[in-house]
Amino acid sequence: MKLLVTGGAGYIGSVCTARLLAAGHEVVVLDDLSTGHADAVPEDCRFVQGDVGEAGVLLAEGFDGVLHFAAKSLVGESVQDPSKYWHGNVVTSVRLLDAMRDAGVPRLVFSSTAATYGEPDQVPIRETVPTRPTNPYGATKLAIDQAITSYAEAYGLAATSLRYFNVAGAYGRFGERHTTETHLIPLVLQVATGQREQIQIYGDDWPTEDGTCIRDYIHVLDLAEAHLLALETAVAGRHRIYNLGNGTGFSVRQVVDTCREVTGHPIPAVVAPRRAGDPAVLVASSELAQSELGWKPQRADLADIVRDAWGFTQSQFS
């Protein structure tokens, strides 16, 4: 298939692009490099620097599908500047959907998020729980999901949204590097590399076994494999939504301890007050993805995830 990957210079987009190429697909990456890195784009694909709103010109060339990763994704920033998120996420995505319809592109895989659920009452989280996002970032992703549903039903689009939980790890030279880092594992590894003095643990009195929050971590390569399966199993006129996680929760203390073991660094940690809006436990149920996509995470061991992330982090300092 000939595929357009928006945001293919970013963390997840670059890994998925590499896997698509390895599977024999022809790939064009579209990225404005506002948060991505040109050197993260695999060599064997065509790279076009530009905004998602400009996708129409490219799609007119003829494509079999689009994988849409490009988005603004900082929760705090979305609260402070919601306009940036409603325009940068929703408006551009609707323009992309229109461009796909005009060009007759039949398939879409959308990078959605667990933030669409907000603070769910049920754990593990299934796709049937109410969507109640607690910030503009999650709200914009949910709005895009809703737009995709209507386009699929009205125009026959074969669409899949994948709602990620905590993505981590690396795939060779493709790994996580953000100007503003908010994810726990790379933040902890920054302590090991000397970029930070210590890691903060937000609350140690949560109703969990060790008192710290529990989250679901999925290896980025497992995530990429789900995108390939979503393309292969797309159904015209349907918008399917799947949660992706490894189904096992790890506490903040477990993550820090695992990073200590993998890096051999003491990694000082200090307890800070709880953050407002943090649920005690967020763990995905991926049963629907397993039954309908045939997907199951193959790299669910936390130490393996951290080891791959650490290898990539070290490569950035060599």
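Colleague: Leaving aside neighbours within four places in sequence, which residues is Tyr 164 in contact with?

Modeller: Tyr 164 is in contact with Ile 12, Phe 69, Ser 111, Ser 112, Thr 113, Ala 114, Leu 223, His 227 and Leu 244. Contact means heavy atoms within 4.5 Å. One caution: this is a predicted model, where local features need pLDDT of at least 70, side-chain atom pairs count only at pLDDT 80 or more, and totals for chains, interfaces and linings use all residues. Residues are numbered from 1 along each chain as its sequence is written, and side-chain values use heavy atoms, with hydrogens and water left out.

Colleague: Which residues touch the most other members of the largest nonpolar core?

Modeller: Tyr 164 is one of them, along with Ile 12, Leu 20, Leu 67, Leu 162, Val 167 and Leu 244. The core has 35 residues. A nonpolar core is a set of buried Ala, Val, Leu, Ile, Met, Phe, Trp, Tyr and Cys residues joined through side-chain atoms within 4.5 Å. Buried means under 20% relative accessible area, exposed over 50%, partly exposed in between (1.4 Å probe, protein chains only).

Colleague: And which helix gives the most to this core?

Modeller: H7, with eight residues. Helices (H or I, at least four residues) and strands (E, at least two) are DSSP runs, numbered from the N terminus.

Colleague: New topic. Where is Thr 140 found?

Modeller: In helix H5, residues 136-155. Thr 140 counts as buried because its relative accessibility is 0%.

Colleague: What is Thr 140 in contact with, leaving aside neighbours within four places in sequence?

Modeller: Tyr 85, Trp 86, Asn 89 and Val 90.

Colleague: How many residues of helix H6 are buried?

Modeller: Nine of its nine, over residues 184-192. The cover includes strands S7 (166-168), S8 (199-202) and S9 (214-219), plus helices H8 (252-263) and H10 (302-315). Just after H6, Gly 194 takes a positive phi of about 85 degrees.

Colleague: What gives the most to the lining of the second largest pocket?

Modeller: H6 again, with four residues. The lining has 18 residues, and Glu 176, Arg 177, Gln 190, Gln 195 and Thr 313 lie nearest the pocket's centre. On a 1 Å grid over the protein atoms alone, a pocket is an open set of points where a 1.4 Å probe fits, with protein on both sides within 12 Å along at least five of seven lines; lining residues have an atom within 4 Å of a point.
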